[in-house]
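Trainee: Could you walk me through this one? I'm new to it and would like to get my bearings.

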Amino acid sequence: MKTNALVLVEGGASSSRGHHWHGCVEQSVDRAIRAGFSVGRRVRLGCVQGSVVGYNIGRFGRFSGASYPLLVRTELGIAKCSLSEIAAV
C-alpha cells in the first residue's frame with residue numbers, strides 16, 4: 001500500500017513588511033477558480049496528465065501563490081503551476 005508523506009519546510013516572514021502580498025495571492029487563486037480550475041479538475045501540463053489538488057497560498061519565495069496559484073498532482077509528483085502552464089482536459 002502506497003502512503004503519501006508530507007514534508008515540513010521551515011519558513012520565515014519576508015523582510016519587506018510594508019507590502020500586502022496576500023492580496024495578490026487571493027486574487028490569483030480566485031482567478032484560477034473562476035477560470036474553472038477547481039479541486040479535482042483534470043488538467044494537462046504539456047503532455048503530462050494531472051488533477052488540481054489544491055491552491056498555493058504561499059506569499060513569499062520563488063514560487064509564491066501570486067504567480068503559481070495551482071497545486072497539481074501528476075504521476076511525477078505535485079507541482080505548483082501558473083494558469084498559463086496548464087490546460088483543462
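Mentor: We can go through the overall layout, then the sheet, the core and a few single residues.

Mentor: Keep in mind that this is a predicted model, in which local features need pLDDT of at least 70 and side-chain atom pairs count only at pLDDT 80 or more, while totals for chains, interfaces and linings use all residues. Residues are numbered from 1 along each chain as its sequence is written, and side-chain values use heavy atoms, with hydrogens and water left out.

Trainee: OK, so how many helices and strands are in the chain?

Mentor: The chain has one helix and five strands, where helices (H or I, at least four residues) and strands (E, at least two) are DSSP runs numbered from the N terminus. Read from the N terminus, the elements follow the order α-β-β-β-β-β.

Trainee: And in what order do the strands sit in the sheet?

Mentor: The five strands make an open sheet ordered E4-E3-E2-E1-E5, with antiparallel pairing; two strands pair if DSSP finds at least two bridges between them. E4 and E5 are the edge strands, each pairing on one side only.

Trainee: What holds strands together in general?

Mentor: Strands of a sheet pair through backbone hydrogen bonds, and they can do so either parallel or antiparallel. Here, strand E1 (residues 42-45) and E5 run antiparallel and are joined by two bridges, and Val 43 is found opposite Ala 88 in E5.

Trainee: Switching topic: which residues form the largest nonpolar core?

Mentor: That core has eight residues, namely Ala 32, Phe 37, Val 43, Val 52, Leu 70, Val 72, Cys 81 and Ile 86. A nonpolar core is a set of buried Ala, Val, Leu, Ile, Met, Phe, Trp, Tyr and Cys residues joined through side-chain atoms within 4.5 Å, and buried means under 20% relative accessible area, with exposed over 50% and partly exposed in between (1.4 Å probe, protein chains only). Across the chain's 89 residues, 25% count as buried.

Trainee: What does Cys 81 touch?

Mentor: Leaving aside residues up to four places away in sequence, Cys 81 touches Leu 45, Tyr 68, Pro 69, Leu 70, Val 72 and Ile 86, where contact means heavy atoms within 4.5 Å. Cys 81 is buried at 2% relative accessibility, whereas Cys 47 is exposed at 73%.

Trainee: How many disulfides are there?

Mentor: The structure holds zero disulfides, a disulfide being a pair of cysteine sulfur atoms within 2.5 Å.

Trainee: Then how many salt bridges turn up?

Mentor: Searching the whole structure gives one salt bridge, which is defined as a side-chain nitrogen of Lys or Arg within 4 Å of a carboxyl oxygen of Asp or Glu. Asp 30 and Arg 34 form this salt bridge, and their closest N and O atoms are 2.8 Å apart.

Trainee: Where do those two sit along the helix?

Mentor: Asp 30 and Arg 34 are four residues apart in helix H1 (residues 21-34), so about one helical turn separates them. Asp 30 is partly exposed at 35% relative accessibility, while Arg 34 is exposed at 70%.
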